[in-house]
Amino acid sequence: MSPRPGRSGPRTLAFVESPVQLLNVLEWAHAHAPGVGLALVVLSPVDPMTRGQLRRMAELAREEGHEVRWEEARGGAGAPLRTVGGLTGPLRRAARVVLGDPFSRYVQLLLTITRARDVVVVDDGTATMEFAGQLARGERLVRWHRRGGRPGPRDLLLAPVSAAARRRLSPGGKGTVEVFTSMPMEDTPPGVTVNAHTFAWTRDRFGPPRITRGTDLVGTSLVETGVVDGDAYLEAVRSLVRTHGARRYFAHRRESTEKLHRLAAGSGLEIVRPELPLELVARRGPIGRTVLSFPSTVIHTLPLALTGTDVRVAVCDIDPAWLTATASPRAQGFLSGVTDSARHIHRLPAPGPPPVSAR
């Protein structure tokens with residue numbers, strides 16, 4: 001592992017908790033700080049798939065000349081205290097902080113410590129759209145799939161931290177706030193600078209990919225987050241296989257093993273567990289000539305990563321009947337908005353029920 005950032009180290013400090021966030025920090029550095037090393041802190045989760053992808057991404061970051069500090073931020077009851085204590089010095093010395101998830105309680109807590117004048121928020125998928133909208137409307141920061149429910153005890157306990165972080169992410173006279181994004185920004189908070197994220201580093205570093213004749217399907221964690229019913233999702237995937245001849249299924253890192261076993265058995269798909277974010281996997285290839293996805297970040301990012309290729313990205317709408325009884329009241333509208341705002345993609349209707357065989 002790289003040495004911990006010290007007094008003479010980089011003055012830009014980045015915090016990431018997922019492989020995609022780390023990728024987007026590398027993209028930001030390529031676009032806005034070429035040749036300048038930064039100190040990149042990985043607040044490691046416990047999920048094995050996410051940890052594996054993060055370690056691969058950390059290798060790429062080191063190859064680009066950045067320092068990487070791996071924190072077992074969730075490794076036991078005392079881990080948060082040790083992590084925050086160890087980061088206090090670097091946070092107070094940093095001139096700029098780059099972060100990937102403004103909804104993270106960990107990141108919100110770290111924001112209350114830093115003295116950095118400049119804050120950069122890089123893409124964390126569709127959550128970036130929700131963050132910008134909530135900041136513009138002066139709302140508390142809540143992930144879209146949790147909205148509509150009552151705040152729990154933990155939410156109430158951490159409410160002052162969240163409020164302080166929201167103020168820190170609002171532009172003031174002493175510093176700047178930048179959002180580096182490939183997502184459409186309908187609501188831009190006053191004073192926030194929005195810079196386009198085009199996946200230039202990914203295209204420069206990898207590819208062009210070998211394109212196969214087949215169709216690939218991108219998985220989603222909407223079942224795991226309690227938005228979509230598991231049986232309905234399985235039937236939707238089966239329908240896409242029947243209609244479009246999909247052969248491979250690129251699993252989301254949060255999809256459960258049990259669900260993936262059901263998908264393989266029920267659809268005949270080859271399940272692929274990517275070792276890197278899908279944008280890099282697709283750019284490295286091989287990738288199908290058609291890529292199918294449900295509403296998610298990739299319908300915005302894959303066309304950018306695959307610019308100059310003949311790959312077609314298509315999105316399948318979510319049928320309201322698939323939603324669980326506990327899904328957020330905003331779920332359908334938010335998912336439709338993700339699709340409506342996507343550019344350069346083909347839109348498919350929600351899959352129908354299987355054909356009835358003749359008796």
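A residue is called buried here at under 20% relative accessible area, exposed at over 50% and partly exposed in between, using a 1.4 Å probe and protein chains only. Helices (H or I, at least four residues) and strands (E, at least two) are DSSP runs, numbered from the N terminus. Bear in mind that this is a predicted model: local features need pLDDT of at least 70, side-chain atom pairs count only at pLDDT 80 or more, and totals for chains, interfaces and linings use all residues. Residues are numbered from 1 along each chain as its sequence is written, and side-chain values use heavy atoms, with hydrogens and water left out.

**Stop one: helix α5.** Select residues 127-137. Nine of the 11 residues in this helix are buried: A127, T128, M129, E130, F131, A132, G133, Q134 and L135. Step past the end of α5 and you land on G138, with a positive phi near 75°.

**Stop two: the cores.** A nonpolar core is a set of buried Ala, Val, Leu, Ile, Met, Phe, Trp, Tyr and Cys residues joined through side-chain atoms within 4.5 Å. Which residues have the most contacts inside the largest one? Pick L22, W28 and L40, in a core of 48 residues. Helix α1 (residues 19-32) supplies the largest share of this core, six residues. Now centre on W28: beyond its neighbours within four places in sequence, its contacts (heavy atoms within 4.5 Å) include R96, E178 and F180. A second, separate core has 30 residues, among them L43, Y106, V107 and L111.

**Stop three: the rings.** Rings of Phe, Tyr and Trp (its six-membered ring) pair if their centres lie within 6.5 Å; planes under 30 degrees apart are stacked, over 60 edge-to-face, and the rest tilted. The whole structure has three such aromatic pairs. Show W201 and F206: with centres 6.0 Å apart and planes at 90°, the pair is edge-to-face. Both residues are buried. Next, Y233 and F294 make a tilted pair, 5.2 Å centre to centre with 45° between the planes. Y233 is in helix α8 (230-244) and F294 in the loop between β11 (287-293) and α11 (298-305), so the pair ties together parts 61 residues apart in sequence.

**Last stop: charges over rings.** This needs NZ of Lys or CZ of Arg within 6 Å of the ring centre and within 35 degrees of the ring normal. Stay on Y233 and bring up K259, which lies over its face at 4.4 Å from the ring centre. Then jump to W70, where the charged end of R55 sits over the ring, 3.9 Å from its centre.
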